[in-house]
Amino acid sequence: MLEQHLAALPIILPLIAAPVALILGRSVLSWGFATLVSGLAFIFSWQLLTAALSEGVLSYAVGGWAPPWGIELRVDVANAFVLLAVTAISTLVLVYSKDSIEKEVKAANHSLYYTAHLLCLAGLSGILITGDAFNLFVFLEVSSLATYTLVSLAADRRCLTAAFRYLVMGTIGATFILIGVGMLYMKTGTLNMLDLAGRIDLYDSSRTINTGLAFIMVGVSIKLALFPLHMWLPPAYTHAPSAVTAFLASTATKVAVYVMIRFIFTVFGIEHVFVDMGMGLILMVLAVVAIFKCSYMATVQSNVKTVLAYSSVAQIGYMILGLSLVSVAGLMASMIHIFNHALMKGALFMAVGAVFYRVGSVDIKAFAGLGRKMPLTMAAFTIAGLSIIGVPLTVGFVSKWYLVTAALEQDNWIVAALVLLGSLFAIVYIGRVLEAAYFQKLPESQGSKSIKEVSWLMLVPMWVLVIANIYFGIDTTLTTDAANSASEWLFQADAMSESKVPEGQVSENHVLEERAQEVSS
Amino acid sequence: MNLWQALEPAQLIALSIGVPFVGALLVITTGKFPNLREAVTLITAVILFSIVLAITDYTFNGIALQADVVEIFPGLGISFNVEPLGVLFAIVASFLWIVTSIYAIGYMRGHHEDNQTRFFCCFALAISSVMGICFSGNLLTLFIFYEVLTLSTYPLVTHAGNDAAKQGGRVYLGILLSTSIAFLLFAVLGTYALTGTLDFRAGGIFDDSHNKVVLSVLLVLFCYGVGKAAIMPFHRWLPAAMVAPTPVSALLHAVAVVKAGVFSILKIVIYIFGIEGLKDLATTDVMLYIGAATILLSSCIAMTKDNLKARLAYSTVSQLSYIVVGALLASSIASAGAALHIATHAVGKITLFFCAGAIMVASHKKNISDMVGLGRKMPVTFAAFAIGAISIIGLPPMAGTWSKWYLAIGALEADKLIIVAVLMVSSLLNIAYLLPIPIKAFFSKPAEGAQPWSWSETKEAPLPILIALTITSVGCLALFFYMQPLVDLINLIPGVSTDMTASTDMSASTNRGEG
Amino acid sequence: MNFILDYYNYWVVVFLMMAGFYIVISANNLVKKIVGLNVFQTSVFMLYISMGKVTGGTAPIVAEGVTQYSNPLPHVLILTAIVVGVATTAVGLALIVRIKRAYGTVEENEFENKDDAI
C-alpha cells in the first residue's frame, strides 16, 4: 500500500497534516507534529531517491487516470535529488524553529506558522514531483501563498510590506507561467510534460510556442529571483522570521531553479531553447551580472540578513550560469550547487537567527564580540561562511570546482575567470561579519551580560548542516553521483524525446554532438 | 637512524601531518596547565622531526613513499607523494619548529602575551599544513593545504587583537585568499582542463601538444597565484603580517609560510612545467625580470625602514625572489641554488627574527635608531644578529654563501648576466641595510640625553630565547661546512643538479616525454 | 482588418492584461494594486476560456445529433486558477489589513517613509 503510493506521499502527507497542525493549536504540539511529518517526508524522499537511482523513473497516475490525460507524478533522479534536499532542510528548520519562533512570532500565531510551513513543504514537493505543467502552476501557488504568510508572521511591521511586495511579484510571475502553459496547451493540446516535449518538437519554430517559452522563462525567473527580477527577495528574506528565511533561502528558490531546468531540458528541449532561441547567452550574461552586482550589493549592506539575501541572489547566478553552459558537466554543476548552497545558506541563516534570538538584532554591529559569547554559533557561521567563499574541504569548493571545470571544458576561460573573481566578494562580506564577531568588543550594557549560547535545539540542526558542509566537501560521492546521473538523465531524456536531429546541424554544434554521444552510450 | 621502522612507509606521511594536528588538539586540552602545554608542543616538535628524518632516510635509499587519502573528485583527491624537494623543506621546517618552540616559550612568557593556548594550537596547525604542502602528490592537495595554512595563520597574525593587528590581518587574508582563489585555483583548474591530471611528475605534465601561449599565461597565474611567494606587486601582506608576535614572524613569515610559497613555485616549475619546458615560454623571462626587480626594489624599501621587523620583512620579500628567480632561470644549477636557498635563507632569517624578538622582550625596542649601543648590554643577541646578517648577505663562512654561489652560476650558465648583476647589487644592498645594525649596536654610543633605554635595567633576553638564537646562528656556520647532505638531497630531484658538467647531460636525460 | 476581428478575444485579453499590469505597477494604493492584479489574472482566465471554444461546437454534453463539442479542459483548469486567484486576493487583502493597522495607511509612498524599508 505504502510502496504503491510512495511517489504521492511527500505531497499528500504534509498537505493533510497542515490543517491538523492548526487544529492542535498548542505551540509545542504542532511543533512536534510538524517535525514528525516533515521527518517522514524526508524518509519517503530518501526511498524515492534510492528507487529512482535503481529503477530509473517512477510514474504515478493520480486518481488512477492514466497519463497524458490524468495528472502524472513522475519521480526521476533529478527531482528525487532536489526533493531529498528540500525535505531534509525542512526537517532541520522545523527542529530549529521551536525556540526561534517563540522569540520572533507572536504566541497566537505559532500553530499558524507550522501549518504554513507544512503547506509550503507540500507545495514544494508537488512542484518537484508533478509531471503536469498546469499542476506545477497550482503547486507553485500553494507554496507561494504559504510563503507570503510565513514572511508576514514576523513581529517587525516591515515584514508586512516585504510580504506584500513578494505577493505582487510572485503572483505576476505565477500568472506569466500560467500564460505560458496556456500558450503551450493552445498549440499542443496537452499538459503532460513528456507529452508536451514530444509535441513541441512538431511545432518547433511556432510563434505561439516561442511566446509561451518567453512567458514561462520570465515567470520562473521572477520566482527564482534571477538578476533584474530579484527585487522582492532581499526585503522578504531580511524581514521574515529567521527560521522562515533559513527555509526559503535553502529551498524555495532552488525549487524554482529546478522548474527552470525542467522546462528547458524536459519540455522545450535544449536544441529549441539554446540553439533556436539563443537563451544560453541571455541567461549567461544575466547570471554573470547577478554574480557581480549582487555580490557587490552584499558587501555594502549593514543588516547581515540582507547581506546573505543578496549573496543568495548572486549564488542563484552561479546555478543559472551552470545550466547556461549547456553541457552535462554544466548542468551537473548547477545541480550540485542547488544542493550545496542549501547546506551553506541554511547554516548561515540559522546562525544569524541564533544571534537574533540572543541579541535581538542582526545588524552587523550586533555581532560585535559574539565570537566569545556564542562560540558554537559563530564557529558555525565561520565554517558555513568559508564554504560560501569556496575554501577547500567545504561544499563551496566542490561547487566552484565543477562549475569552473564545466566552463573550461568548453574552453570558456572568461566565464571561468569571472566565476572565480566573483567569489572574491564573498571574502569581503563574510569577512566583515567575522571581523565584528571576533575582533570587536562587546558593547557594555546590562543586556550584553545575558548573551550566551543558544539551546541545543537550535544548535543541533545548525551543526548538522555545518558538518554536512564539510562532509560533502570531502566525500562528494553521493552528491556527484546523484547530480551526474540526474543531469545525464535530463540530457538523455531530452535526446530521446526528440531524437530526430537534422544531420546538417550535428556538425555545427557541439551541444548536439554531446547529446548524440549520450544516446549512443 | 630509523626510529619508525615498525611503521609502513605510507603511514609515515600520514603521521607527519597527523602528529602536529594531534599536537594542536592536545595543546587545547592542556591549555589550563601552561607547563604541560609547552611540554606537549616541544615533544610534538621532536617527534615530528624524527618522523621527517625517517622519511629522509627512505628518500636517500630510493624508496618512494606514496599515499592516497581520500578521493574528492572522480579520479582526483588528496594524495601524497614524497620527493626530495619536499623532504628538504620538511626537514628545514620541522627542525626550526623545535627551535622556535623553545624560543616561543621564552618570548610569550617574557612578553606576557594573552591567548597563548590559541597561539600554540594554531602554530601546530600551521606546521601540520606545511607538512601537507611538502609531501603533496598533486596540485589539488597542494592547493588545499595552502589554503589551510593561510587560514590557520590568520589568528596568529591578528594575535594582538588591536586595530593594527586587525588591519594587518585584513591585508594578509585579503591578498593571500584573493590571489589563491582568483589566480592559483584558476591555474590549477586550467591545468586540469588541459591535461586531465594534476599529479606532480618528473619532467612536468605539459608536452609539446599544449598551446604555448596558454602555458605562458598559466605560468604567470601560478606565480602570482602563489601569493605567499610575495612577488611584487602582491608582497604587501608580508610586511602587514609583521604585527604578529615575533615567533610567528620568525617561523612562519621567514620560514614556513613564505617558503611554502616559493616551494610551491619551485615544485610547480620542476614537476608541472618541467625545467626544460619553461625555456619555451614567453612569460618566463617576464616573470624572471619581475622577480629581479622585486629583489632590488624591496631591498631599497628595506633601507628606508626604521622598524627592525619591517626591515627584515622587506629583506625577506627580496630574498624570496632569489628563489623565484632561481626557479625561473630554467637551469638545473639555478634550481639547485633555489632549493638550497630555501634552507640557508631560513636559518639566517630566523636568526635575525629571533634577535629582533629578543631585543623586543629585553628592551622593548622596535626601532633600529633606538638600538645604538645596545650591543654591549646584549652581546649574545647582537653577535647572533651579525652572524645571521652575514649569512643573508652571502659571505663565507656562512650558509648563505652556497645558495648564492649556485644561483649566480646558474644565471651565468643561462646567459643572464643581468641576473648576475642583480644578485651582486642585492648583496651590496644587504650589507648596507643589515650590517650597520650590529655594528652600531657594538661600537657606537647613543647620543647624549637621547638614550631611549635605561642602562641599568636592560639585560639579555630570557634563557630559552638565547638558546634558540644560539642554535640557529651555529646552524648558519655549520651549514657552510656540512652542506653535503643537503646537496645530495637536492641532487636527487629529477632534472636538478649542482654539478656543472653534468647539467647538460641531465637536461638531456630528462626529456619531457617521460611524464 | 480581419486580423483584428478574427482575433478579437486576444485583443481583449491583451488589453485587460496590460491594463491590469499597469495598475499593479503604477497604483500607489495597495487595494488598487490588488484590483490590478485581479484584472491581470482575469485576462489570463479569459485567454484560457476563449481558447477552449471550438467553432461550431456546443457545450461538451453528450447529446443526440451533436458531433462537435467545445474543449472543456481549459474551463476546468481555469476553475482551479480562479480558486488560486481568490486565495491570492484573500492573502493580499489580509496583508493590507495588517499593514493598515501597523502603519495607519495603505498608500505605498506614505508607509515607505515611516521606516527605512529596504
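Modeller: A:A61 stands opposite A:E72 in β2(A), where helices (H or I, at least four residues) and strands (E, at least two) are DSSP runs numbered from the N terminus. This is a predicted model, in which local features need pLDDT of at least 70 and side-chain atom pairs count only at pLDDT 80 or more, whereas totals for chains, interfaces and linings use all residues. Residues are numbered from 1 along each chain as its sequence is written, and chains are lettered from A and ligands numbered from 1 in the order in which they are written.

Strand β1 (residues 58-61) of chain A runs antiparallel to β2(A), the two being joined by four bridges; strands are said to pair if DSSP finds at least two bridges between them. Along β2 (residues 72-75) of chain A, A:E72 and A:R74 point one way while A:L73 and A:V75 point the other, and all are buried, a residue being buried if 20 or more other C-beta atoms, placed from the backbone, lie within 10 Å of its own, exposed if 12 or fewer, and partly exposed in between.

Leaving aside residues up to four places away in sequence, A:M462 touches A:Y96, A:A347, A:M350, A:A351, A:A354 and A:A380, a contact being a pair of residues whose C-beta atoms, placed from the backbone, lie within 7 Å.

A helix of chain B shows how burial can be arranged around an axis. In α19 (residues 484-491) of chain B, the buried residues are B:L486, B:L489 and B:I490. They lie on the same side of α19(B) because they cover an arc of only 100° around the axis, the arc being that of the directions from the helix axis to the C-beta atoms. B:Q484 and B:D488, on the other side of α19(B), are exposed, and the cover over the buried residues of α19(B) includes α3 (84-110) and α13 (332-363) of chain B.

As for how the chains meet, of the two pairs in contact, chains A and C share the most contacts, while chains B and C do not touch, their nearest C-alpha atoms being 29 Å apart. Where chains A and C meet, 27 residues come from chain C and 26 residues from chain A. On the side of chain C that touches chain A, α3 (30-52) and α4 (73-103) of chain C each supply at least two residues, and α4(C) provides the largest share, 13 residues. By class, that side of chain C has 20 nonpolar, four polar and three charged residues, with Ala, Val, Leu, Ile, Met, Phe, Trp, Tyr, Cys and Pro counted as nonpolar, Asp, Glu, Lys and Arg as charged, and the others, Gly among them, as polar.

A:A225, in the loop between α8 (207-224) and α9 (233-239) of chain A, has a positive phi of about 60° although it is not a glycine, and A:A225 is buried, with 28 other C-beta atoms within 10 Å. In chain B, the peptide bond from B:M232 to B:P233 is cis, with omega near 5°, and B:P233 lies in the loop between α7 (212-225) and α8 (237-240) of chain B.

Finally, there is the matter of confidence. The mean pLDDT of chain A is 84, and 92% of its residues reach 70 or more, pLDDT being the predictor's confidence in each residue, from 0 to 100. Among the elements of chain A, helix α5 (residues 133-151) has the highest mean pLDDT (92) and helix α23 (residues 503-508) the lowest (36). Over residues 498-521 of chain A the pLDDT stays under 50, and the model has 25 contacts beyond four places in sequence for this stretch. Where pLDDT is low, the predicted coordinates should not be read in detail.
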